Amino acid sequence: MSGSERKEAEVRRMMETPHPVVPGGLGAQAAARGDRLLRRHRALRRALWLLLSAALLALAVWALATEPWLLPPSDTVPPVEGV
Amino acid sequence: MSERHSAKDRRRTREFDAFVAGAAARLLHVSTLLTAEPPRSNPRAQELLTAALARTYADWDRLRGDDPYDRTRRALAVRFARGAWRHHRWAAEGVLGRLTPQERLVLVLRLYEGVAEEQAATLLGIPPERVRAVCTRAVAVMRNSSSAPPSRLALPSRLGTA
């Protein structure tokens, strides 16, 4: 064992004190907090999806109403030839 | 939909409870080493662990084979590193009370938890050489302070080592 390994082992032993007592409600409290976090994430995701679908719907309605792919009717009449 | 959700919720709660029952004592020990509080009165360590565990709970369905202990330890370390300045002004009395928050974090991750140097470096956002340097310094401070009176200015002692 090298010198530095021995020193590290010595410090590791200093840290190996008995574990503190875990308060009874700690796990339940963490789960409750995690649950709130989860609900918040879910609500955010749902809101984003809703926004995206609303935008797509609006685009579809607008496109069907205005049919932008059609050429606008021409205002000028082509000159009549050959009369 | 809601029925499927609640079945999933029940399963998550059951698995999470089993995980906490097995891992909380060690994780609280790690957390208490970090905050350098006495083990009998460690409110900040408990708060740190509760927050880290809450994250693990929220991510539980997306762990995909990831070790929840690893996840929680990572959350613990990141949270501690981000809030480390807050712990500075407290009179630290735990085993690692003589070290700076960063030295504590590196020592606990590397020596107590056995996290690889590269992984610890990624976790803390510092180069691996720096992790090694901080670890060496922390070990020296710990060995000095265990025998001699504490002095943060003391140079690492080379006495008695080959």
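Select Leu48(B), Leu49(B), Ala51(B), Ala52(B), Leu53(B), Arg55(B), Thr56(B) and Asp59(B) in helix α2(B); these residues meet Pro68(B), Arg71(B), Thr72(B), Ala75(B), Leu76(B), Arg79(B) and Phe80(B) in helix α3(B). Sorted by class, the residues of this contact are nine nonpolar, two polar and four charged. Please note that the model on the screen is predicted.

**The two helices as a pair**

Next, display the whole of α2(B), residues 43-59, together with the whole of α3(B), residues 68-82. Two packed helices are described by the angle between their axes and the distance between the axes. Here the angle is about 130 degrees, and the axes lie 9 Å apart. The helices α2(B) and α3(B) are therefore oblique to each other. The crossing of α2(B) with α3(B) is right-handed.

**Helix α5 of chain B**

Now select residues 101-112 of chain B, which form helix α5(B). How far apart are the end C-alpha atoms of this helix? They are 15 Å apart, which agrees with the 16 Å that 12 residues should span at 1.5 Å a residue.

Is α5(B) mostly covered or mostly uncovered? It is mostly covered, since nine of its 12 residues are buried. To view them, select Pro101(B), Arg104(B), Leu105(B), Val106(B), Leu107(B), Val108(B), Leu109(B), Arg110(B) and Leu111(B). Then move on to Gly114(B), which follows α5(B) and has a positive phi, near 65 degrees.

**Where chain A meets α5(B)**

Select Glu8(A), Val11(A), Arg12(A) and Met15(A) in α1(A), which meet Leu107(B), Leu111(B) and Tyr112(B) in α5(B). This contact has five nonpolar residues, no polar residues and two charged residues. An α-helix has 3.6 residues a turn, so residues three or four places apart point the same way.

Turn the view to compare the two axes. Those of α1(A) and α5(B) come within 10 Å and cross at roughly 105 degrees. That angle makes α1(A) roughly perpendicular to α5(B).

**The whole contact between the chains**

How many residues does each chain bring to the contact? Chain A gives 24 residues and chain B gives 31 residues.

Terms used: Residues numbered from 1 in each chain as written. Chains lettered and ligands numbered in written order. Predicted model: local features only at pLDDT ≥ 70, side-chain atom pairs only at ≥ 80, totals over all residues. Helix = DSSP H or I, 4+ residues; strand = E, 2+ residues; numbered from the N terminus. Expected span 1.5 Å × (residues − 1). Buried ≥ 20, exposed ≤ 12 C-beta atoms within 10 Å, placed from the backbone. Axes fitted to C-alpha atoms, helices over the stretch in contact; angles between N-to-C directions. Parallel < 35°, antiparallel > 145°, perpendicular 65-115°, else oblique. Left-handed = near helix turned anticlockwise from the far one by under 90°. Contact = placed C-beta atoms within 7 Å. Nonpolar A, V, L, I, M, F, W, Y, C, P; charged D, E, K, R; others polar.
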